[in-house]
Amino acid sequence: MEERYPAYTQVKAFKPFHGRFDPCPPIGIKYYRTPPNLYMNFQPPNLEQFSPYEALMRGTLWKPLYDYYENPYRERKS
Amino acid sequence: MWVYEKKLQYPVKVSQCNPTLARYLIEQYGGADGELAAALRYLNQRYTIPDKVIGLLTDIGTEEFAHLEMIATMIYKLTKDATPQQLRDAGLGDHYVNHDSALYYQNASGVPFTAAYIQAKGDPIADLYEDIAAEEKARATYQWLIDISDDPDINDSLRFLREREIVHSLRFREAVEILKEERDRQKIF
């Protein structure tokens, strides 16, 4: 079956202001998540499903509701 | 009445001896947006919400206890063999003095759990909106925990819990939609 991709991004980013006298080096980009539930409001019928085993591992039966999370920031010294 | 299944909802594996991580995880155990607060909030709201969404609150409230049990298992495994010295180095010296390595309902800063974390306003929309907010706050907490933890096995379990918050949030949104609709209201034209 053809994989359907969401018509929105699940990660948004913005660049916080960095002042001349801010003590830490700028973090650059700040990220925030906009998971799929925000765009659904009411789940439509007949969405694509994971296999039962896969669903148990991922935490949802529904492919359009799955949202993998990873730390978006890289480590740095200081 | 509940029926107990003697297994975790999702496996909890710990790869490193890291009591500091246990200290952070406590936030989801006895914190304001933790699993205990969630379970108690939903199960308590059931009594004064329209019949159509009582079942949803029972289901999700019950699942939150399964999550609480997973968090408890993580904290227990991360601290059970730690020496007092190790706990002190992890910033858990004050916890050790008060509780040994027993679990306690408190947040990551050691503030004990309070019923003031939860609300039961009696207004179905107000209560469900609080539930949606609670799920999003718990999702965010799981994100920050994943960011701060470098234990891949713990993170795997935390990702599962985060995904459940997303599903629960959608279910509460659907409950709001159900209550907004007028499907079975008597309409006389």
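Me: Which residues touch the most other members of the largest nonpolar core?

Reply: Of the 35 residues in that core, they are B:Leu25, B:Tyr29, B:Ile71, B:Met74 and B:Ile75. A nonpolar core here is a set of buried Ala, Val, Leu, Ile, Met, Phe, Trp, Tyr and Cys residues joined through C-beta atoms within 7 Å. A residue is buried if 20 or more other C-beta atoms lie within 10 Å of its own, exposed if 12 or fewer, and partly exposed in between, with C-beta atoms placed from the backbone.

Me: Which elements give two or more residues to this core?

Reply: They are helix H1 (19-30), helix H2 (35-45), H3, H6 and H7 of chain B. The largest share, nine residues, comes from H3(B). Helices (H or I, at least four residues) and strands (E, at least two) are DSSP runs, numbered from the N terminus.

Me: Before going on, what kind of model is this, and how is it numbered?

Reply: It is a predicted model, in which local features need pLDDT of at least 70 and side-chain atom pairs count only at pLDDT 80 or more, while totals for chains, interfaces and linings use all residues. Residues are numbered from 1 along each chain as its sequence is written, and chains are lettered from A and ligands numbered from 1 in the order in which they are written.

Me: How many helices and strands are in chain B?

Reply: Chain B has seven helices and zero strands. Its C-alpha atoms fill a box of roughly 75 × 30 × 30 Å along the principal axes, and 40% of its 189 residues count as buried.

Me: Which residue does the "binding site" annotation cover?

Reply: The UniProt annotation, from an unreviewed entry, covers B:Asp59. UniProt positions are given in the numbering used here, feature names are shortened, and annotations may be inferred rather than shown by experiment. B:Asp59 is also in helix H3 of chain B, and B:Asp59 counts as partly exposed because there are 13 C-beta neighbours inside 10 Å.

Me: How do H1(B) and H6(B) cross?

Reply: Their axes come within 11 Å and cross at roughly 170°. Axes are lines fitted to C-alpha atoms, for helices over the stretch in contact, and angles run from 0 to 180 degrees between N-to-C directions. H1(B) and H6(B) are therefore roughly antiparallel (over 145 degrees). In H1(B), B:Tyr24, B:Leu25, B:Glu27 and B:Gln28 meet B:Thr141, B:Leu145 and B:Ile148 in H6(B).

Me: New topic: how many residues does the contact take from chain B and chain A?

Reply: The contact takes 15 residues from chain B and 17 residues from chain A. On the side of chain B that touches chain A, H7(B) gives the most, with twelve residues.

Conventions
Two residues are in contact if their C-beta atoms, placed from the backbone, lie within 7 Å. Angles under 35 degrees count as roughly parallel, over 145 as roughly antiparallel, 65 to 115 as roughly perpendicular and the rest as oblique.
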